[in-house]
Every structure is written in structure tokens, then in C-alpha cells.
Amino acid sequence: MIEFRNVTKLLGGNAVLDNLNLTIKQGEVFVIVGTSGAGKSVTLKHMVRLMTPDEGNVYIKGEDITNATGADLERARERFGYLFQGGALLAWLSVMDNVALPLREKTDMPEDEIISKVRKTLALVGLEDDGDKKPSEISGGMQKRAGLARAIIREPEIILYDEPTSGLDPVTSRTIDTLIDDMSENLGVTSVVVTHDLHSALAIGDRIAMLGGGKIVELATPDEFIVSDKPEVQAFLESQYITKEGSWERKKS
Ligand SMILES: Nc1ncnc2c1ncn2[C@@H]1O[C@H](COP(=O)(O)OP(=O)(O)OP(=O)(O)O)[C@@H](O)[C@H]1O
Ligand SMILES: [Mg+2]
């Protein structure tokens, strides 16, 4: 579905992606973890050609988008919904208008259908009463959920989630996890989730990839991931107090 072949990307003199190879299968929830600056957001940006590789190629459904332009690029991008890190809502539009934007800009759906679709999607993310508010009038977590509503409004084949649960309380985080899982189970959406939240990663991932040094340092199912003997993975698990048995470890005795 999404394939990176020998992708190298230099930024600020560093190979942020260093000969990266990656294959994401149709319908799976593919989770990407890694320390801050590891290149997770850069990887997502390559999938929609917001960034282009210096070397190597990116394929979407077998189609090489590395040098795609015009209608070809547009068509490739149509397949995606993108929840940006930080939400990226337009400050001068209401929540409802933000969520409606992709429909108004990219489809000729009649306005009454748009409104009803937006209402349904806002309800899905628990914002049914907040459509008339401006982004500045709602909390960070609500902005995140509004961004999510906008990412899924056109029912894309692939959804890229950049830190969907960061800054959210644990209860809301689990609601978002459930939503991501439902999108994949019920609608067959292919999901790529960048997260620091290991609980999310282990709960919803079909496979988890850990990025480091511009490469994949581990690629495993959640069950395999927690028993990985790679030092980077163990450090990451320990930082969130998860043991090899997958249980919480209390530091104080
Ligand atoms: N447009 C850019 N120009 C120059 N350097 C960039 C650019 N975008 C990203 N970088 C650099 O590439 C590296 C990877 O950035 P990226 O945003 O992918 O990190 P990340 O893994 O998403 O981190 P975080 O968890 O903090 O979001 C960083 O060192 C960053 O400074
Ligand atoms: Mg990032």
C-alpha cells in the first residue's frame, strides 16, 4: 500500500532518513515510534509528498509518487487524510467550517449534505456541541479531535495520524485509540500512527516500527515488540514503565 525504497532525506546536513525501506500493508494499523527528532513526521510527509526524497522512491498502491506532479499527485493525495501534529486548524474558521473545508474545497456535495456529514463526524469525536466555536475557544484536546474529524471527513483510504493522543487526558486518548481501531476494523482504512504513547501503540498497532538514526531499528508486532532485546526498544519501554511482561512497573517500593 505504502512503500519506501531506499529513501534518503538530508535536512540541515543530517540524513534524517538514511536509506530507509518500509512497506505498509493495506488495512493495517502501522505505528511509528522513536525519540523526538527521529524523523517520524518527516516520514509521514514523504507519504503525501509534502517532502521529496533526495534518493530513493515512495510508492502508493504501486504507483511511484516520487516525482509525480499535477493530476497524478492530486490523485495520490486524495487517498489520504492527515491529522497534523498540532492540529493545524484555521483560527478564523469555526470548528464546523474547519471540518467542512475538505468537502467544500474538494467535492461538489450540496451544502445540506455537508452540514449533516460534518455533524455526524463531530459527534463521532465528541464535539457535537462545539461546532460553532473558534479553535481558540476550545481546549487543546478538543482541537486535536477537531483535526481528527477533518482528517476523516472524506473517508480516505489511508489516514496519517501525527501524535493523535499527545496532550490528551488518558480517557480521551483511549477514545481516540478506539476511533482509530474502528476506522481500520469497520472501514478497512490503512492507518499510519506516529506516537510517543506506548499504551496506544501496543493497544492498536498491528505492527510497530521504531525509527532511529534514519533507519528502522525494530519492526515487530506488539507482542514481539515488548520482548525485543534491542537496547533502544528496551529504553523506550522502560521510560514508560512497561516491563517485558507488558505490565506496569512501580518504581517506589
Ligand atoms: N523542514 C525542515 N528543515 C530542516 N530540518 C528539518 C525540517 N523538518 C524536519 N527537520 C529535522 O529533521 C529531524 C526530524 O524531524 P521530525 O519532525 O521528523 O522529528 P519527529 O521524529 O517527528 O520528532 P517529534 O517527536 O519531536 O515530533 C529533526 O532534526 C528536524 O530538526
Ligand atoms: Mg513529529
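# Pairing, burial and the ligand shell in a predicted model

Student: What makes strand 1 and strand 4 (residues 55-60) a pair, and in which sense do they run?

Tutor: In this predicted model, strand 1 and strand 4 are joined over five bridges in the antiparallel sense. Pairing requires at least two bridges, so the five found here qualify the two strands as a pair.

Student: Which residues of strand 4 stand opposite F4 and R5?

Tutor: F4 stands opposite V58, and R5 stands opposite N57.

Student: How do you know that strand 1 (residues 2-11) also pairs with strand 2 (residues 14-24)?

Tutor: By applying the cut-off of at least two bridges again. Strand 1 and strand 2 share seven bridges, in the antiparallel sense. One bridge links L11 to N14 in strand 2. The hairpin of these strands has two residues between them, and G12 takes a positive phi near 55 degrees there.

Student: What is the order of the sheet of four strands, and why are some of its strands called edges?

Tutor: The order is 2-1-4-5, in an open sheet with antiparallel pairing. Strand 2 and strand 5 each have a single partner strand, so one side of each has no neighbour in the sheet. That is why they are said to stand at the edges.

Student: Which strands are the edges of the sheet of six?

Tutor: That sheet is open, with mixed pairing and the order 6-7-8-3-9-10. Strand 6 (80-83) and strand 10 (215-220) pair on one side only, and they are its edge strands. From one strand to the next, the twist averages 15 degrees.

Student: Which helix lies across strand 3, strand 9 and strand 10?

Tutor: Helix 9 (residues 231-239) does, running at about 105 degrees to strand 9.

Student: Is E163 buried or exposed, and how do you know?

Tutor: A residue is buried if 20 or more other C-beta atoms lie within 10 Å of its own. E163 has 21, so it is buried. E163 is found in the loop between strand 7 (158-162) and helix 6 (170-187). Its phi is near 55 degrees, a positive value in a residue other than glycine.

Student: Why is K61 called partly exposed?

Tutor: K61 has 14 other C-beta atoms within 10 Å. A residue is exposed at 12 or fewer and buried at 20 or more, so a count of 14 puts K61 in between. K61 also has a positive phi, near 50 degrees, and is not a glycine. K61 belongs to the loop between strand 4 and strand 5 (63-64).

Student: Which residues of helix 3 (residues 95-106) are buried, and what covers them?

Tutor: The buried ones are V95, M96, N98, V99, A100 and L103. Their cover includes helix 4 (111-124) and helix 5. In an α-helix, residues three or four places apart point the same way, because there are 3.6 residues a turn.

Student: What makes V99 stand out in the largest nonpolar core?

Tutor: That core has 65 residues, and V99 is listed with A149 and L160 as having the most contacts inside it. Helix 5 (residues 140-152) supplies the largest share of the core, six residues. Leaving aside neighbours within four places in sequence, V99 is in contact with V118, T121, L122, A146, A149, R150 and I153.

Student: Which residues surround ligand 1, and how are they classed?

Tutor: They are L11, G12, V16, G34, S36, G37, A38, G39, K40, S41, V42 and Q85. The classes are four nonpolar, seven polar and one charged. Glycine counts as polar and lysine as charged, so K40 is the one charged residue. Helix 1 (residues 40-47) contributes the largest share of the shell, three residues.

Conventions
Residues numbered from 1 in each chain as written. Chains lettered and ligands numbered in written order. Predicted model: local features only at pLDDT ≥ 70, side-chain atom pairs only at ≥ 80, totals over all residues. Near = placed C-beta within 6 Å. Core = buried A, V, L, I, M, F, W, Y, C linked by C-beta atoms within 7 Å. Contact = placed C-beta atoms within 7 Å. Axes fitted to C-alpha atoms, helices over the stretch in contact; angles between N-to-C directions.
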